[in-house]
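Me: I'd like to go through this model with you and ask what stands behind each label. Shall we take the pockets, then the cores, then a helix?

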Amino acid sequence: MSSLDLMKKECFASGTRSSASFKRRFIKKRRVAPGGQQDADSDCQLCRCSIFSLTGSSRSVRRILTACLLSFLALLGSVSIDLSSNFELLHTTEAAYDELTSCRTIAILQLVSKLQKMRHLFAKHTGNETLEASFSEVVFPVFGHLCGEMAAQSNSYGLPCSVELTGFCQEVRRSVQGFLNASLDTNSTSASALSLVIGRLLDIWGTVEDTVVKVKQNANWRDVLSARLLVTFIELNHQLMDFPHIATHTDFQCKWTYILSYLGFVKIMTDQLNDCWLENIDLKLNFSQDLRHSYILDTSLWYISGAGSALLSGSHIGIQALTNTQKCLFDSAVPALRLASRSVSSGLSMRICLLFIACLIYPVVMFSFKQMTEWIQNYAQSLKEKTEDLKRQRQLAEDLLHQMLPKSVAKQLRQRKHVEAESYEMVTIFFSDIVGFTSISASCTPLQVVEMLNNLYMCFDTRIESYDVYKVETIGDAYMVVSGLPERNGDRHADEIAKMALDLVAAVRQVSIPHMPNQRLQLRAGIHTGPCVAGIVGHKMPRYCLFGDTVNTASRMESTSLPQKIHTSSETYLALIKDNAYELQLRGEIEVKGKGRLNTYWLIGHKNYSVQNDSLVCHWNPNMARKKKTVAGSEVSVGTVS
């Protein structure tokens, strides 16, 4: 497999790892295969990009972006529904405005007005004469003349009426002609024919029933309904003025009551009609509320009362008042509808602008949110890696501190607590130094001395980890170890120190001197058991020190010992013979400085171990050692087995 394939495999194998760890692995791989550095760089870059999209953090970003996109689509849906309703409202409002201001409406109202005047002349001069053959020649030219005049005018939007009225007059003429042919008989008069024409024109403009339906959909059509009711009521007044006998007809009375009741209802709902009615009828004609109610309930009294000429009973004054009301209604309703249409249009434009801005900003916000989320996740990943690295460094620092100070003492120091000195009833202390170290150092350079001691103490430090002991310090070639503190171990302290001492004395023979390969180091050791006090001394570089006569006696045991011998006091001898596991030899009384003459002993060896292979001494684990028989006649000393 090539180096490039190895890099690709490494990339895919580390898909869920962080970018920092990936980069470290990639740099390491580049060192292995420098020849394919450039190609591997590009391939792993693509690999890293594709793998990043599969990580859990990227999936979270995609989920959040999907939720944002769904919320945006929901917003668009709700806004589209609102815009649809607003478009419908705008359409109906503009339709109501067009219904009052279009050229078609103006033409119909002017035709109705002219036909009403013609009917009044026919009713006044011809009486009840039957319809003449020249009726069409008299009436229909009015359509053409009026449409010609209206074509030169403009509607409320500034467009010429000729565009809107193209073909409209001909359509109206054909519709009226067909209606007259189907409705009139030979006995009809010209005045009644004109009434039918006017009614047909009003139906073409729009019926009250259709307008009521549109009012239910949009309240702005109330003004249109008011205008149609008012025009229809004016036509009824004209008919009553031209044909007074019609007041006794049931159909006319029902229609009168129907229109008037609708007017009363719409007048309450529409401010424009109410204001115009109050100004032109209630105030000018001096109507009372009770009188009008009586006329609505009993229309026959309206027309036969003596005051009917001054009321709305087909009189010129009433018709003129109603015409003024109609003009006032158009003058006030048209601007109101125009204002309502502009208000709806402005609101709709504002909504569309906001929607357009949202459509522009939302993707930017989503992209920014995605970038920010990825940045936060990358920062969190980097922070996590740094935190883990900090934990590793802290653990290293703690391990180093625990090598310098006991764990219990280090814990108290980290908690900024004062470490109290502690007294121990019984511990065993070991001292050792190198025989002839002064002469060896004199023949060596400083670096050689340091290297020699480093090799020796590395071997010692490795070995003492197998025992329940604590290394106190090393001063030059002196090596000090204690058992029974800082953690008490009962009566096992002497046994642990004895096994360790035998191990170290045997191990020192395997440590070579780099600049003197033919010579071997020799160790002088001493052990003493007794009480002592331990505590922290100093603020800068604090040291865990032992105090008491036991320390001095152990040092005297070491200084009075012999090469490759372990010198023990009588107290240590008494502690070791309890188990009958060690071979001890009486040295006799010796002069000990500061203590006088003392009985001391040599620690020869352990009865359960013998030296089988000195080359394995630095790797010997006494907990896994097997018991070996002592060789007869050989010198018994501590030995190790693998």
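**Pockets, cores and a helix face**

Reply: Gladly. The second largest pocket holds about 710 Å³ of space, a volume being the space filled by probe spheres set on grid points joined across faces, edges and corners. This is a predicted model, where local features need pLDDT of at least 70 and side-chain atom pairs count only at pLDDT 80 or more, while totals for chains, interfaces and linings use all residues. Residues are numbered from 1 along each chain as its sequence is written, and side-chain values use heavy atoms, with hydrogens and water left out.

Me: What makes a residue part of the lining of the second largest pocket?

Reply: A pocket is an open set of points on a 1 Å grid over the protein atoms alone, where a 1.4 Å probe fits, with protein on both sides within 12 Å along at least five of seven lines; lining residues have an atom within 4 Å of a point. By that rule 29 residues line the second largest pocket, with Ser 195, Gly 199, Leu 236, Gln 239 and Lys 255 nearest its centre. Helix H9 gives the largest share, eight residues.

Me: Why is the second largest pocket said to lie between domain 1 and domain 2?

Reply: Because domain 1 (79-101 + 207-288 + 295-353) and domain 2 (105-205) both give residues to its lining. The domain bounds come from an automatic or database domain assignment.

Me: And what is the volume of the largest pocket, and how many residues line it?

Reply: The largest pocket has a volume of about 1000 Å³ and is lined by 36 residues, including His 402 and Tyr 470. H19 gives the most to this lining, seven residues.

Me: What makes a set of residues a nonpolar core?

Reply: The members are buried Ala, Val, Leu, Ile, Met, Phe, Trp, Tyr and Cys residues joined through side-chain atoms within 4.5 Å, where buried means under 20% relative accessible area (1.4 Å probe, protein chains only). The largest such core has 58 residues, and Leu 100, Leu 201, Leu 230 and Leu 263 have the most contacts inside it. Helix H11 supplies its largest share, 10 residues. A second, separate core has 39 residues, among them Val 481 and Leu 576.

Me: Why are the buried residues of H13 said to line one face of the helix?

Reply: H13 (residues 271-282), a DSSP run of H or I with at least four residues, has Leu 273, Cys 276, Trp 277, Asn 280, Ile 281 and Asp 282 buried. Seen down the axis of H13, these buried residues fall within an arc of 160°, so they line one face; the arc is that of the directions from the helix axis to the C-beta atoms.

Note on methods. Helices (H or I, at least four residues) and strands (E, at least two) are DSSP runs, numbered from the N terminus. Buried means under 20% relative accessible area, exposed over 50%, partly exposed in between (1.4 Å probe, protein chains only).
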